[in-house]
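Welcome! Take a moment to look over the sequence and the 3D picture, and then we will walk through a few spots together.

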2 protein chains.
Amino acid sequence: MNFSERLIEAVTNKQSRLTVGLDPNFQLLPPSLLEGVNIGDRAMLARATTEFCIGIMDAVGDLIAAIKPQVAFFERLGPAGYASLEAVVKEARTRNLIIISDAKRGDIGSTAQAYADYHLGWSEGVDGEPSCLGADAMTINAYLGEDSLEPFIQYVRRGRGVFLLAKTSNPGSGDFQDKLLGDGKDRAPLYHSVAVLAERLTSQVSVGRFDYSSVGLVVGATYPQQAAALRAAFPRLLFLIPGVGAQGAKPADLRDCFDRDGLGAVVNSSRSIIFAYRDSANPSDWQGAARTAAMALRDEINSALRGK
Amino acid sequence: MNFSERLIEAVTNKQSRLTVGLDPNFQLLPPSLLEGVNIGDRAMLARATTEFCIGIMDAVGDLIAAIKPQVAFFERLGPAGYASLEAVVKEARTRNLIIISDAKRGDIGSTAQAYADYHLGWSEGVDGEPSCLGADAMTINAYLGEDSLEPFIQYVRRGRGVFLLAKTSNPGSGDFQDKLLGDGKDRAPLYHSVAVLAERLTSQVSVGRFDYSSVGLVVGATYPQQAAALRAAFPRLLFLIPGVGAQGAKPADLRDCFDRDGLGAVVNSSRSIIFAYRDSANPSDWQGAARTAAMALRDEINSALRGK
C-alpha cells in the first residue's frame, strides 16, 4: 500500500483525522521528567525527551491517524537528540503508527538526496536496525523548485509520502505565499502554484485506491478560506493541516478541507495536546491530560464533519 | 565584531573570496578513508567523515574566507553524523575559520527558535563544551515569511549572520523564484521580494563598519544577470554565491556580484574542491588535490575582479 492508502485506512479504521505533533521543547516537559536533569546535559535531556514522546504515544496512539515528530526539537539536542528521534520513531513503528517527519527540508541535487535518504529511506545498518530515520512521510519546502523535489518523489514512487508547504499557519505566511503571480484570469497566489506543482507530480506517482495522491500539501487551519479554495481546486491532494489548538483555529473552520466522505485531510495539533497537563487540574498526570485533549479534539473534528 | 565585519576582514586578510562547502557524501570519500569501513556502519562512516572534513580544512584553511558544512550529509548518518558535524565545527573554530552552517532551515515560532538556538546558539553544556552547533552564520529558507525569521534575526542582533535563499543555483530555481509579483513598474520576481525582506531586516540590525548587513542572500552563480541586478539594487546585502565548479558557472561570470572594492560576496565551491582528487593525476593525495583546486579557484576569482 502506498502512503495515501495507509493514511486513509488509519483514518477510517480509527475514526480519527487527528495527528499529534511531537514538539518536545525541553523547557515545557513535565516537571516529573525533568527531576534531577541538568538542563545543560543534552544526554539527560534527550532521555527525558524520549520518555516523554513514548509516553505521549502510549497515551494517544489509539486516538490518532499519525504521529508527527518535529525534527527541530530533536536537532536542538545534537547527537543525543537524533538518538532520541530514532528511538521515538522505532517505538512508533512497533505501535503501528504512521510517522510524518516534520523536517521542512528543501535543497538540491545530492544534498536533497541525502535528506530524502535519511528521512524516508529504509537502508539497514550493521546491527540490523535502520541506518536512517525511515519515516512514512515528511514535510518539504518547495521554494527551490521542481528539480529539488525529485529525490523525495523517488521515495513516493516506492510508497512513501511528502507534504509540500503551501499555505502555512503563521501570521506571516502571507508575506510570500499570498503574493499573486501571473496575469488576468490566471492570476493566483504563490501557494496555489505550489499546489499546481504537487498536482503535476501526482501524475508521476500512483494515486492508489482512494484516489488521493501521496504528494500532499501543508495547509494552515488558520486560513480556512484559502484551504477551502485549495480543496475545491485540487481534489486529489491530501492536506496536512496545522494551526488548530495553540495557534487558534477551531475544528469547525475545517469542514471544507475534507471531501464528501470526510476524507482527504488530517488535522495536526501539537502543544495543545502534548502539553495539555499545563492547563489541567491535575498537572502531574501529563499522559491523562494529553489523552483527554486528544480525544476531545478527535471528537470535535468528527462532529464538525457530521452531515457533510 | 558582527558577522559581516568578520567575514569581510577574513576576505581582506586572506585575500580570498572563496568559501569551501563540506559536502561529505560518503559515497565519494577518498578510498583510503573508507578502507575497512563497513558502509552500513554509521559510526565508522561518521569517523571517516570527520577525518575527511578536518583533512580538507587543513588543506585549504589558509586559502578560504569561510567553511560551509552542508548539514544534510551529516544528518544522513544520524546521531553519529551530528557528532561528526560538531567535531568538525569545533576543529574549524580552533583554526579560526568562519563557519556557515548550510542548513536551509525554515519554520515558525518555537520550532524556528529551536533551529536558531542549535545552529547559531552559544549555550554551554555540562562538560564546558557548547551544547549546540554555534556556527557563525547559517542559510535560511524564508518561504514562511517575516515572522518565521525573527528567532534567527535575534542572533544576528548579537553578532551572528544569516543568508536567505533568494535565487538558487539549480535549473529549477525559476519555477517559483522567478515568478513575477505585483503590477506595472513594481513588477518583480519572487527572489527580489526576498531581497526586499532582507533589506528591511537589515534596518533592524547594526550594519557594521564595512556597511554590509549580516542578513545576506544566497544568489546562484549560474544566474549572473539576476545576481548583477540584485547587487545593483541591494548594495548592503552580502551574497553567498553557490554554483561555481561542479554546477558549471565560471568566476568571470561573477564580476558584477562584487562592489567596486571587490567586496560584498563570497563564492562557494564544494564538490569541485573537496573531491578534486577524483580528477587528479594522483588521486591518493586528496588533500593536495583539494588545495590545488582551492588555490586555483581563489586566484581565478581574484583575477576576474582585477580592474573592477
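Is Gln15(A) buried, partly exposed or exposed? With a relative accessible area of 44%, Gln15(A) is partly exposed, because partly exposed covers the range between under 20% (buried) and over 50% (exposed). Please keep in mind that this is a predicted model.

- Most residues other than glycine have a negative phi.
- Gln15(A) has a phi near 50°, which is a positive value in a residue other than glycine.
- You can find Gln15(A) in the loop between α1 (3-14) and β1 (18-22) of chain A.
- Asn96(B) also has a positive phi, near 55°, and is likewise a residue other than glycine.
- Look for Asn96(B) in the loop between α5 (78-94) and β3 of chain B.
- Asn96(B) is exposed, with a relative accessible area of 69%.

**Where the two chains meet**

- How many residues of chain B are in contact with chain A? There are 69 of them, and they touch 69 residues of chain A.
- The size of an interface is often given as the accessible area lost when the parts come together.
- Here, chain A and chain B bury about 5300 Å² between them, and 55% of that is on carbon and sulfur atoms.
- Three residues, Arg76(B), Tyr143(B) and Phe176(B), supply 17% of the area that chain B buries against chain A, more than any other three residues.
- The interface holds 6 salt bridges; one of the salt bridges in the model joins the side chains of Arg42(B) and Glu86(A), at 2.7 Å from N to O.
- Between the two chains, 30 residue pairs are in polar contact.
- Which element gives the most to the side of chain B that touches chain A? Helix α6 (residues 109-120) of chain B does, with 7 residues.
- Sorted by type, the residues on that side of chain B are 27 nonpolar, 24 polar and 18 charged.

**A buried serine in chain A**

- Ser131(A) sits in the loop between α6 (109-120) and β4 (137-140) of chain A.
- Ser131(A) is buried, with a relative accessible area of 7%.
- Leaving aside neighbours within four places in sequence, Ser131(A) is in contact with Ser123(A), Glu124(A) and Gly125(A) in chain A, and with Gly40(B), Arg42(B) and Arg76(B) in chain B.

**An enclosed strand in chain B**

- Why is strand β3 (residues 100-105) of chain B described as largely enclosed by the rest of the structure? The reason is that 6 of its 6 residues are buried.
- On one side of β3(B) are Ile100(B), Asp102(B) and Lys104(B), and on the other are Ser101(B), Ala103(B) and Arg105(B); all are buried, so both faces are covered.
- β3(B) runs parallel to strand β4 (residues 137-140) of chain B, and 3 bridges join them.
- In this pairing, Ile100(B) stands opposite Ala137(B) of β4(B).

**A threonine in a loop of chain B**

- Thr222(B) lies in the loop between β8 (213-219) and α10 (224-233) of chain B.
- Thr222(B) is partly exposed, with a relative accessible area of 26%.
- The side chain of Thr222(B) reaches the backbone oxygen of Ser169(B) at 2.7 Å.
- Leaving aside neighbours within four places in sequence, the contacts of Thr222(B) are Ser169(B), Gly243(B), Gln247(B) and Ala249(B).
- Thr222(B) and Pro242(B) are 20 residues apart in sequence and 8.1 Å apart in space, C-alpha to C-alpha.

Definitions and conventions
Residues are numbered from 1 along each chain as its sequence is written. Chains are lettered from A and ligands numbered from 1 in the order in which they are written. This is a predicted model: local features need pLDDT of at least 70, side-chain atom pairs count only at pLDDT 80 or more; totals for chains, interfaces and linings use all residues. Side-chain values use heavy atoms; hydrogens and water are left out. Contact means heavy atoms within 4.5 Å. Buried area is the accessible area (1.4 Å probe) that two parts lose on being put together, summed over both. A salt bridge is a side-chain nitrogen of Lys or Arg within 4 Å of a carboxyl oxygen of Asp or Glu. A polar contact is a pair of N or O atoms within 3.5 Å; within protein, one must be able to donate a hydrogen and the other to accept it, and residues adjacent in sequence count only if both atoms are side-chain atoms. Helices (H or I, at least four residues) and strands (E, at least two) are DSSP runs, numbered from the N terminus. Ala, Val, Leu, Ile, Met, Phe, Trp, Tyr, Cys and Pro count as nonpolar, Asp, Glu, Lys and Arg as charged, and the others, Gly among them, as polar. Buried means under 20% relative accessible area, exposed over 50%, partly exposed in between (1.4 Å probe, protein chains only). Two strands pair if DSSP finds at least two bridges between them.
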